[in-house]
Amino acid sequence: QLQLVESGGGLVQPGGSLRLSCAASGFTLDYYAIGWFRQAPGKEREGVSCISSSDGSTYYADSVKGRFTISRDNAKNTVYLQMNSLKPEDTAVYYCAASGGGFRLCVLGLRGQDRYLEVWGQGTLVTVSS
């Protein structure tokens with residue numbers, strides 16, 4: 001069974017940092033672009049970032065650019081999202097998803113075309129509050 005499991009969420013004060021992890025089981029992430037998404041209470045899901053499977057290409061939503069960094073460790077079959085300078089508006093459930101179609105399709109998935117993301121995790125809650 002193909003699974004993605006997110007971890008690393010929690011409560012953090014404004015200005016703080018968290019690192020989220022997205023670990024795969026049942027398949028190798030080597031050939032998948034990975035995206036991070038988030039959904040705040042009462043809001044639509046928002047695409048946050050994508051990373052390519054091989055050449056290190058990355059994409060960030062304007063709302064997180066300069067504060068979040070996506071990376072991957074294929075040896076550990078894991079993708080990370082380092083979140084710095086967190087704001088209350090970053091509060092959301094964060095999900096990762098895998099696209100076998102590559103980086104371009106991952107970015108299309110960030111922009112609302114969910115059909116390009118084949119495997120989704122269950123999410124991890126990030127709360128930014130003082």
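Author: Two residues are in contact when they have heavy atoms within 4.5 Å of each other. Of the contacts in this chain with a separation of 6 or more, 61% are made by residues 24 or more positions apart. The model is predicted: local features need pLDDT of at least 70, side-chain atom pairs count only at pLDDT 80 or more, and totals for chains, interfaces and linings use all residues. Residues are numbered from 1 along each chain as its sequence is written, and side-chain values use heavy atoms, with hydrogens and water left out.

Reader: How many helices and strands does the chain have?

Author: Helices (H or I, at least four residues) and strands (E, at least two) are DSSP runs, numbered from the N terminus. This chain has eleven strands and one helix. In sequence order the pattern is β-β-β-β-β-β-β-β-β-α-β-β. The radius of gyration is 13 Å, close to the 14 Å that the globule rule gives for 130 residues, so the chain is as compact as a globular protein of that length. That radius is taken over C-alpha atoms, and the rule is 2.2 Å times the number of residues to the power 0.38. The C-alpha trace spans about 40 × 25 × 25 Å along its principal axes.

Reader: What percentage of the residues in the chain is buried?

Author: Buried means under 20% relative accessible area, exposed means over 50%, and partly exposed lies in between (1.4 Å probe, protein chains only). Here 46% of the 130 residues are buried. The accessible surface of the chain is about 6500 Å², and carbon and sulfur atoms hold 46% of that surface. Such areas come from the Shrake-Rupley method with a 1.4 Å probe; for residues, only the protein chains shown count as cover.

Reader: How many positive and negative side chains does the chain have?

Author: Lys and Arg count as positive, Asp and Glu as negative, while His and the chain ends are not counted. The chain has 12 positive and 11 negative side chains. Each charge is placed at NZ of Lys, CZ of Arg, CG of Asp or CD of Glu. The centres of the two sets lie 3 Å apart.

Reader: Which strand pairs with S3 in the antiparallel sense?

Author: Two strands pair if DSSP finds at least two bridges between them. Strand S3 (residues 18-25) pairs with S8 over six bridges, in the antiparallel sense. One of the partners is tyrosine 80 in S8, which bridges to serine 21. Strand S7 (residues 68-73) also pairs with S8 in the antiparallel sense, over six bridges. Arginine 72 stands opposite valine 79 in S8. Of the six residues in S8 (residues 78-83), five are buried.

Reader: What do S7 and S8 form, and how many residues lie between them?

Author: They form a hairpin with four residues between them. Asparagine 77 sits in this loop and has a positive phi of about 55° although it is not a glycine. With 16% relative accessibility, asparagine 77 counts as buried.

Reader: Where is serine 85, another residue with a positive phi?

Author: Serine 85 lies in the loop between S8 and S9. Its phi is about 50°, and it is not a glycine either. Serine 85 is partly exposed, with a relative accessible area of 41%. Beyond four places in sequence, serine 85 touches Gly15, Gly16, Ser17, Arg67 and Asp90.

Reader: Is aspartate 90 buried or exposed?

Author: Aspartate 90 counts as buried because its relative accessibility is 0%. It is in the loop between S8 and strand S9 (92-99). Leaving out residues up to four places away, aspartate 90 touches Arg38, Arg67, Phe68, Ser85, Val126 and Val128.

Reader: Which strands do the buried residues of H1 pack against?

Author: An α-helix has 3.6 residues a turn, so residues three or four places apart point the same way. In helix H1 (residues 103-110), six of the eight residues are buried. They are Leu105, Cys106, Val107, Leu108, Gly109 and Leu110. These residues pack against strand S4 (33-39), strand S5 (46-51), strand S6 (58-60) and S9. Glycine 112 follows H1 and has a positive phi, near 115°.

Reader: Which residues does valine 119 touch?

Author: Valine 119 is in strand S10 (residues 119-120) and is buried, with a relative accessible area of 7%. Not counting residues up to four places away in sequence, valine 119 touches Leu2, Gln3, Leu4, Phe27, Cys96, Ala97 and Ala98.
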